[in-house]
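This report describes selected features of one protein model. It covers the nonpolar core, a helix pair and a few backbone positions.

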Amino acid sequence: MLDLYNEFRKLIATLEQHQIDYALCGGLAMAVYDHARATVDIDLLILSESLDVVIPLAKKLGYDIRGLDMSFSNGTIEIRRVSKIDSASGQVLSLDLLLVTPAIEDVWNSRIQADWEDGTLSVVSRLGLITLKQGRSSPQDLADIAALQEDLDDSAN
């Protein structure tokens, strides 16, 4: 059975070993901001020019199923998905690579470094995460936005 956290640690170690800039986003980033919730994938924001390096690195880690390219908000958010299947359980784990587009360059530029067990982790800022989640606006995204906005409101008071 695939362990999301172990998979995440291996992926981040590989990116750092190859000096690939990234920023954690999505459900795992919510946990960094003290809003842990169930998630079934790993979401990373990367520079478009890193994609041709990241895809083969991910493939070496078993992410060898290439999904269809996805686009949200009229191309503001571009996602490239690669997945892996655990042969024993049949469980699928997806890695969603969000590409930095001109429309979300501010999100990329506002990323932060968060402390975690293996050192530091690059994460989109709270405002950046809100911006990304507004692009898709699923029910889960809307709930995440509300939680993040409440944090921002509390810190302003």
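Leu99 touches Leu45, Ile46, Ser48, Leu51, Glu78, Arg80 and Ile104, when residues up to four places away in sequence are not counted. The model is a predicted one. Leu99 is found in strand E6, and its relative accessible area of 7% makes it buried, because buried means under 20%. Between the C-alpha atoms of Leu99 and Leu44 there are 8.5 Å in space, against 55 residues in sequence.

**Nonpolar core**

The largest nonpolar core has 46 residues, and the members that touch the most others are Ile42, Leu44, Leu45 and Leu95. Strand E6 (residues 92-99) gives the most to this core, namely 5 residues.

Leu45, one of the partners of Leu99, touches Tyr22, Ala23, Cys25, Leu98, Leu99, Val100, Ile104, Val107, Trp108 and Val124, with residues up to four places away in sequence left out.

Ile42 lies in strand E2 and is buried, with a relative accessible area of 0%. Ile42 and Cys25 are 17 residues apart in sequence, and their C-alpha atoms are 8.1 Å apart in space.

| Pair | Separation in sequence | C-alpha to C-alpha |
|---|---|---|
| Ile42 and Cys25 | 17 residues | 8.1 Å |
| Leu99 and Leu44 | 55 residues | 8.5 Å |
| Asp34 and Val92 | 58 residues | 26 Å |

**Helices H5 and H6**

How do the axes of H5 and H6 cross? The axes of helix H5 (residues 126-136) and helix H6 (residues 139-156) come within 9 Å, and the crossing angle is roughly 155 degrees. H5 is therefore roughly antiparallel to H6, since angles over 145 degrees count as such. The crossing of the two helices is left-handed.

On the H5 side, the residues of the contact are Arg126, Leu127, Leu129, Ile130, Lys133, Gln134 and Arg136. They meet Asp141, Asp144, Ile145, Leu148, Gln149, Asp151 and Leu152 in H6. By type, the residues of this contact divide into 6 nonpolar, 2 polar and 6 charged.

Gly128, Leu129, Ile130, Leu132, Lys133 and Gly135 are the buried residues of H5. Leu129, Ile130 and Lys133 of H5 are buried and also meet H6.

**Positions with positive phi**

Which residue follows H5, and what is its phi? The residue is Ser137, and its phi is positive, near 55 degrees.

Asn74 has a phi near 55 degrees, which is a positive value in a residue other than glycine. Asn74 lies in the loop between strand E4 (70-72) and strand E5 (77-85). Is Asn74 buried or exposed? Asn74 counts as exposed, because its relative accessibility of 86% is over 50%.

Asp34 is not a glycine either, yet its phi is positive, at about 65 degrees. The loop that holds Asp34 runs between helix H2 (27-32) and strand E2 (41-46). Asp34 is exposed, with a relative accessible area of 68%. From Asp34 to Val92 the C-alpha distance is 26 Å, for a separation of 58 residues in sequence.

Key: Residues are numbered from 1 along each chain as its sequence is written. This is a predicted model: local features need pLDDT of at least 70, side-chain atom pairs count only at pLDDT 80 or more; totals for chains, interfaces and linings use all residues. Side-chain values use heavy atoms; hydrogens and water are left out. Axes are lines fitted to C-alpha atoms, for helices over the stretch in contact, and angles run from 0 to 180 degrees between N-to-C directions. Helices (H or I, at least four residues) and strands (E, at least two) are DSSP runs, numbered from the N terminus. Angles under 35 degrees count as roughly parallel, over 145 as roughly antiparallel, 65 to 115 as roughly perpendicular and the rest as oblique. A crossing is left-handed if the near helix is turned anticlockwise from the far one by less than a right angle, and right-handed if clockwise. Contact means heavy atoms within 4.5 Å. Ala, Val, Leu, Ile, Met, Phe, Trp, Tyr, Cys and Pro count as nonpolar, Asp, Glu, Lys and Arg as charged, and the others, Gly among them, as polar. A nonpolar core is a set of buried Ala, Val, Leu, Ile, Met, Phe, Trp, Tyr and Cys residues joined through side-chain atoms within 4.5 Å. Buried means under 20% relative accessible area, exposed over 50%, partly exposed in between (1.4 Å probe, protein chains only).
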